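Please look through the sequence and the model below before reading on.

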Amino acid sequence: MAVTVTTLKKMKDAGDKITWLTAYDYSFAHAADQAGIDSILVGDSLGMVIQGHETPIPVTIEDSCYHTQCVARGATNAMIVGDLPFGSYQVSKEQAYANAVKLMQAGAHTIKLEGGELQVETIKFLAERGIAVCAHIGLTPQSVHKLGGFRVQGRGDEAQRLIDDAIAVEEAGAFAVVLELVPKTLAAEITERVGIPTIGIGAGPQCDGQVLVLQDMIGVYPKKSPKFSKNFLQDADSIDAAIGRYVMDVKSGAFPAAEHSFS
């Protein structure tokens, strides 16, 4: 049965862990779908793991649409989340809507954008027009140069800002929020305080779900993978089995472990 935003909300309410994984082409999308991944994110991480850039900033809306089309052909059950790339939604609500439409016409069921309170009006605008929006707070890779690199967010005085961001995007109509590189105790508090699913990446085990970049998860990205990731192919005899192990470990709570989290 196809996964929808309603499915994810029911999973949060029931305490069932949610599995997300990135994919950028037909073959890996099919593998993820067959392994039981709940949602496939066509992330702007493609800029690094597919295109070889240092950051996701060079990714264009045309790139995102192309890869979303490829993924949509391979997945029949997983919900497809299309990532709005840098510069495709920050100018105006209307710009965000036009590019969200392109992603959905390419095959995305929902879209993701970075930002908390700053994006409230855009999230409202899209949600009121029938577009399901996932927000993304904490480490926002499109702002990596402003943030001073890929570092943990939400420590000390920053914690309340992230709590406020999460509450704000929920009130604006977001169906979920990605928490990236956030201390595990803060991510747990946010997960408790919002009614929408939290999807963690480097945010500890208490989030409602987890997402990883596929190339990190199977150990094929030639550069150093982040601490929060795990190479599931090391103890599996195939990529299909590695994705299946990831699903099992997230569902059981075995992943992420303490070594994949931040305090």
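In which sense do strand 3 and strand 4 pair, and over how many bridges? Strand 3 (residues 79-83) pairs with strand 4 in the parallel sense, over 3 bridges, where two strands count as paired if DSSP finds at least two bridges between them. Helices (H or I, at least four residues) and strands (E, at least two) are DSSP runs, numbered from the N terminus. This is a predicted model, in which local features need pLDDT of at least 70 and side-chain atom pairs count only at pLDDT 80 or more, while totals for chains, interfaces and linings use all residues. Residues are numbered from 1 along each chain as its sequence is written, and side-chain values use heavy atoms, with hydrogens and water left out.

Strand 4 also runs parallel to strand 5 (residues 133-138), to which 4 bridges join it. Lys-112 of strand 4 is the bridge partner of Asp-83, and Lys-112 also stands opposite Cys-134 in strand 5. From strand 4 the chain crosses through helix 6 (residues 120-128) to strand 5, in a β-α-β crossover that is right-handed; that is, with the strands pointing away from the viewer, the path from the first strand over the helix to the second runs clockwise. Strand 3, helix 5 (residues 93-106) and strand 4 likewise make a right-handed β-α-β unit.

Strand 4 (residues 110-114) is largely enclosed by the rest of the structure, because 5 of its 5 residues are buried. Here buried means under 20% relative accessible area, exposed over 50%, and partly exposed in between (1.4 Å probe, protein chains only). Thr-110, Lys-112 and Glu-114 point one way from the strand, whereas Ile-111 and Leu-113 point the other way.

We turn next to a loop. Thr-55 is found between helix 3 (46-49) and helix 4 (61-74), and Thr-55 counts as buried because its relative accessibility is 11%. Leaving aside residues up to four places away in sequence, Thr-55 touches Gly-47, Met-48, Val-144 and His-145, contact meaning heavy atoms within 4.5 Å. The side chain of Thr-55 also reaches the backbone nitrogen of Ile-57, at 3.2 Å.

Finally, consider helix 11 (residues 239-252). Its buried residues, among them Tyr-246 and Asp-249, pack against strand 1 (18-22), helix 2 (26-34), strand 8 (209-212) and helix 10 (214-217). After helix 11 comes Gly-253, whose phi is positive, near 90 degrees.

Methods. Polar contact = N/O pair within 3.5 Å; in protein donor to acceptor, adjacent residues only side chain to side chain.
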